[in-house]
Amino acid sequence: MAGTSPALVAAREADAGAASAVKALQAAGQLEDARERYAELVKRHQRRAARIAYHYLRDAAEADEAVQDAFVKAYQHLASFREELPFDVWFTRILINGCLDRIKARTRRERWLLPMSGRPGSRGSAATAAATDGAPPERDLTDRVPAGGLSPEQALLGRERRRAIAAALANLPERQRSVFVLSHVEGRTSKEVSALTGLNESTVRVHLFRAIRKLRALLAGDNAAAGAAEPKGQRRVTS
Amino acid sequence: MSLLDRLGRGHLSDSQFAELWTAGAAHPHLDACPQCRAGYEAFGAWLSGVGSELRAEADDAFPADRLALQQAQIARRLEALERPARVIPFPRAARAIISGNSHVRRWVSVAAGAALIAGFGLGQVYPIRTVLREGSAQTTAHFTAPVAASRARDLTPPPSNETDDEMLSDAFAQPRVSTLSALDEMTPHARDLAK
């Protein structure tokens with residue numbers, strides 16, 4: 001698990017400075033300058049926010065909306081931001097809450113639109129359907145992986161591997177998934193994940209342990225296949 | 001049984017690797033056993049591989065041009081926050097009717113309501129309907145009497161020696177409106193008696 005690196009500390013200091021400047025400009029009524037300064041923060045955290053939202057929602061369009069909403073909400077409530085807390089932690093919490101609200105709304109929608117949700121490749125169930133039925137999801141974003149010098153066979157294997165990992169991740173319970181994504185995709189420490197999710201630090205560790213164990217079990221078949229295909233010296237225990 | 005005891009007995013399992021990885025703990029067995037150390041390293045590589053695959057998947061879903069577009073949309077939304085909401089009048093005619101001086105409109109409504117209530121109350125207290133009926137009857141009688149008399153004069157036959165009885169019988173035999181009007185003038189009216 002990644003610790004707090006000097007680069008991260010420097011980035012957080014820069015964030016805190018920018019956030020304070022935006023707050024001051026907002027208070028002074030210099031809104032255009034405030035927006036311009038806030039654009040720096042958006043640019044710095046946009047990709048990370050998009051990753052988190054995408055892995056929460058498993059839908060690019062919805063993740064896009066969730067990221068936009070989170071940035072707008074953070075700008076509106078920047079006055080309530082305390083400088084002693086890192087901006088990225090505060091912002092990520094807003095984003096995660098927004099994603100959870102969207103998941104709840106989607107669940108409600110799907111409960112009422114049961115015949116639609118049963119369709120293969122319907123939103124939210126694509127990865128699960130792929131994992132359980134073996135049917136390809138309707139919107140497979142891994143199809144857009146650039147080949148970049150790989151042979152067609154390698155590219156195909158890469159796509160298959162990503163699809164398997166995404167399906168396995170989608171099979172995890174919501175909390176395990178979010179803890180795993182924050183820890184291993186975003187490289188957060190247990191303490192940071194605890195601050196982001198509002199869970200106890202020991203609870204985060206338990207969820208993370210269970211998530212890893214379950215992923216390992218779900219991807220065990222792929223591991224064996226990969227092990228058989230690769231030479232022993234280059235063996236990489238990926239699915 | 002402690003973790004150390006369990007780990008000390010044999011090679012570490014996947015689950016134990018996960019436990020060690022999650023806790024961020026080191027174990028002497030990993031230093032002593034090259035096989036477990038290799039297994040643990042492979043486990044770590046697998047985990048980081050999964051992480052990088054997931055990162056790559058999300059980055060493919062959000063290429064640079066999409067992020068730029070998203071940034072522009074965020075900027076637009078932030079700008080829109082500072083502008084007051086603009087209400088488009090639709091339909092145009094409805095606005096003309098609805099809008100206007102609401103103060104005047106309110107007073108007109110109140111006056112109309114008050115007039116209605118006052119009229120109703122007055123109608124209950126004062127028998128205005130009876131008065132109106134009487135007034136119209138008197139007016140009718142006032143205006144019809146001279147006309148009827150003149151018409152009767154025109155229509156009556158030239159004077160003769162006949163008596164009034166003969167005139168009456170003649171009138172009944174030839175029912176004409178003007179004649180009947182004259183007769184009506186002579187007879188008492190029920191409404192007059194009721195008074």
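Setting aside neighbours within four places in sequence, A:Leu57 is in contact (heavy atoms within 4.5 Å) with A:Glu62, A:Ala63, A:Ala66, A:Cys99, A:Arg102, A:Ile103 and A:Arg106. This is a predicted model, in which local features need pLDDT of at least 70, side-chain atom pairs count only at pLDDT 80 or more, and totals for chains, interfaces and linings use all residues. Residues are numbered from 1 along each chain as its sequence is written, chains are lettered from A in the order in which they are written, and side-chain values use heavy atoms, with hydrogens and water left out.

**Around A:Leu57**
- A:Leu57 lies in helix α2 (residues 31-57) of chain A, helices being DSSP runs (H or I, at least four residues) numbered from the N terminus.
- A:Leu57 is buried, with a relative accessible area of 0%, where buried means under 20% relative accessible area (1.4 Å probe, protein chains only).
- Between A:Leu57 and A:Ile103 there are 6.9 Å in space, C-alpha to C-alpha, although the two are 46 residues apart in sequence.

**Helix α7 of chain A**
- Helix α7 (residues 152-170) of chain A has 19 residues and reaches 27 Å from its first C-alpha to its last, close to the 27 Å expected at 1.5 Å a residue, the expected span being 1.5 Å times one less than the number of residues.
- Among the buried residues of α7(A) are A:Ala155, A:Gly158, A:Arg162 and A:Ile165.

**Two helices of chain B**
- Helix α2 (residues 14-23) of chain B packs against helix α4 (residues 34-61) of chain B at an angle of about 70°, with their axes 10 Å apart; axes are lines fitted to C-alpha atoms over the stretch in contact, and angles run from 0 to 180 degrees between N-to-C directions.
- α2(B) and α4(B) are therefore roughly perpendicular to each other, a term for angles of 65 to 115 degrees.

Definitions and conventions:
Parallel < 35°, antiparallel > 145°, perpendicular 65-115°, else oblique. Buried < 20%, exposed > 50% of the residue type's maximum accessible area, 1.4 Å probe, protein only.
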